[in-house]
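Please walk through the model below, from its sheet to its cores and then to some of its helices and hairpins.

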Amino acid sequence: MNTNRSFDIVLFGATGFTGELTAQYLAKHAPKNLRWALAGRNQEKLTALRQKLAEINPATKDLPILFADTNQPESLKTLAHSTRVLITTAGPFMNYNGDAMVGACAQAGTHYCDITGEPEFKDRSWLNWHETAKKTGAKIVHSCGVDSIPHDLGVFFTLKHLPKNVPIRIEGIVGGDARPSAGTMHTVVSAMSRLVPLSIAHLKRHAKDKKASNRKVGGTLPLLRYSRSLNSWVMPFPTIDQQHIKHSANALEVYGPDFKYGHFIEINKFSTVAKIIGGLSSVIALAQLPVTRRLLLSKIEQSEQGPSDEVREKSWFRVLFTAKAGGKTVVTEVRGGDPGYDETAKMLAESAMCLAFDDLPSGGGQLTTAVAMGDQLLERLQRAGLQFNLVSNS
């Protein structure tokens, strides 16, 4: 990777809710020798943000501000060549031409990380830029936030407590208390409106992304059930997280010769389960037609842009992993505070600093966090306060 760049990290999309939290995290926690900058279209908003950052850390009062627009390819090319690592929080990524940013980084040999939870965007990115990034050495790492670091690295952490070279079965159960922002809900509705293109992109990637290994990677049965140990219902949770874990398992032999993973969410009452299923079905149906989709999005845009400091302070999440391998049963957990914003900003910023400074496995391409950064990122996040705990080992 070319180290002769003006910056170590450039943050694009910093004036959005999560982007600003990421900028604040860097202002508070980045090492003094970090050369970083803000980038975007709106100079006025970026200047105002820089003033806020200077109140946190006076050293940022002259933080460079760079122009970049995802609809202007030359600006992205210039941006990608200016930095070793590019962070972007400007989603929904399918709506805002995120593929152009990935392409600019892949071609320039610039490491890239984002917070997308959009499966279609991830698959199209792989189809368009994986081979280019392999040639240039760029590490393209999607979903460096609550989607999907706690899950991807949570399984990676769990494997350290299991026997080697045996079949492995792991289930992850997500629990917590947190509120989504308008931007997150906008992304969900946009994704639900593109079910056919999403399926096409997934099938195209699956057809091209063939594994030469004779190792098996799959899923456990996605069954709704009652858990006596949790005293709650456990419902299949069809997020992007399970896809990332399977990609990690396909790439790394530490996942064993026969690996299966199931992803679930913890729900206290069955009546809530029914409401979630009904609500999700309604969103999917309404998202299919332009008229009803616009109505949904207008309601979302009238809501506050993100949870308040007070709400985030009370928010928390936990992912509980139960693993069975070689006659052993291991339970681990990943635990943190507000998942979608405070912890996501932490995870994204630490991922970027890991890509910029740590001694990582060689090779480029579109990679998961476990494959691209593995132990180095795990150690960074533990030092930063994200908990990876061994609960039981029998």
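The model is predicted, so local features need pLDDT of at least 70 and side-chain atom pairs count only at pLDDT 80 or more, while totals for chains, interfaces and linings use all residues. Residues are numbered from 1 along each chain as its sequence is written, and side-chain values use heavy atoms, with hydrogens and water left out.

UniProt, in an unreviewed entry, lists residues 9-117 as "domain: Saccharopine dehydrogenase NADP binding"; UniProt positions are given in the numbering used here, feature names are shortened, and annotations may be inferred rather than shown by experiment. Over residues 9-117 the chain is 44% helix and 20% strand, with the end C-alpha atoms 22 Å apart. Helices (H or I, at least four residues) and strands (E, at least two) are DSSP runs, numbered from the N terminus.

An open sheet is formed by seven strands with parallel pairing, in the order β3-β2-β1-β4-β5-β6-β14. Its edges are β3 (65-67) and β14 (365-367); each has a single partner strand, so one side of each is left without a neighbour in the sheet. From one strand to the next the twist averages 25°. Two strands count as paired if DSSP finds at least two bridges between them. Strand β1 (residues 7-12) pairs with β2 in the parallel sense over four bridges, and I9 stands opposite W36 in β2. Further along, four bridges join the parallel strands β4 (residues 83-88) and β5 (residues 111-114), with T88 opposite D114 in β5.

How many residues of strand β2 (residues 36-40) are buried? Five of the five are, so β2 is largely enclosed by the rest of the structure. Buried means under 20% relative accessible area, exposed over 50%, and partly exposed in between (1.4 Å probe, protein chains only). In a regular strand the side chains alternate between the two faces of the sheet. In β2, W36, L38 and G40 point one way, A37 and A39 point the other way, and all are buried.

L38 leads on to the packing of nonpolar side chains. Together with I170, L38 has the most contacts inside the largest nonpolar core, which has 88 residues. Such a core is a set of buried Ala, Val, Leu, Ile, Met, Phe, Trp, Tyr and Cys residues joined through side-chain atoms within 4.5 Å. Helix α13 (residues 339-357) supplies the largest share of this core, eight residues. Apart from this core lies another, of six residues, among them I173, F264, L320 and V331. Contact means heavy atoms within 4.5 Å. Leaving aside its neighbours within four places in sequence, L38 is in contact with L11, A14, A23, L46, L49, L53, L63, P64, I65 and L66.

Helix α1 (residues 17-29) and helix α2 (residues 43-56) pack at an angle of about 35°, with their axes 9 Å apart. Axes are lines fitted to C-alpha atoms, for helices over the stretch in contact, and angles run from 0 to 180 degrees between N-to-C directions. E20, A23, Q24, A27 and K28 in α1 meet L49, K52, L53 and I56 in α2.

Beyond neighbours within four places in sequence, F259 is in contact with V155, I168, R169, I170, K216, V217, G218, I245 and A249. One of these, V155, is among the buried residues of α6. In helix α6 (residues 149-159), eleven of the eleven residues are buried, so the helix is largely enclosed by the rest of the structure.

Strand β12 (residues 316-325) and strand β13 (residues 328-336) pair in the antiparallel sense over nine bridges, with T332 in β13 as the bridge partner of F321. These two strands form a hairpin with two residues between them, and G326 in the turn has a positive phi of about 55°. β13 also pairs with strand β15 (residues 387-393) in the antiparallel sense, over six bridges; there, Q387 in β15 is the bridge partner of R335.

At 13% relative accessibility, R380 counts as buried. Leaving aside neighbours within four places in sequence, R380 is in contact with E350, M353, C354, F357 and D358.
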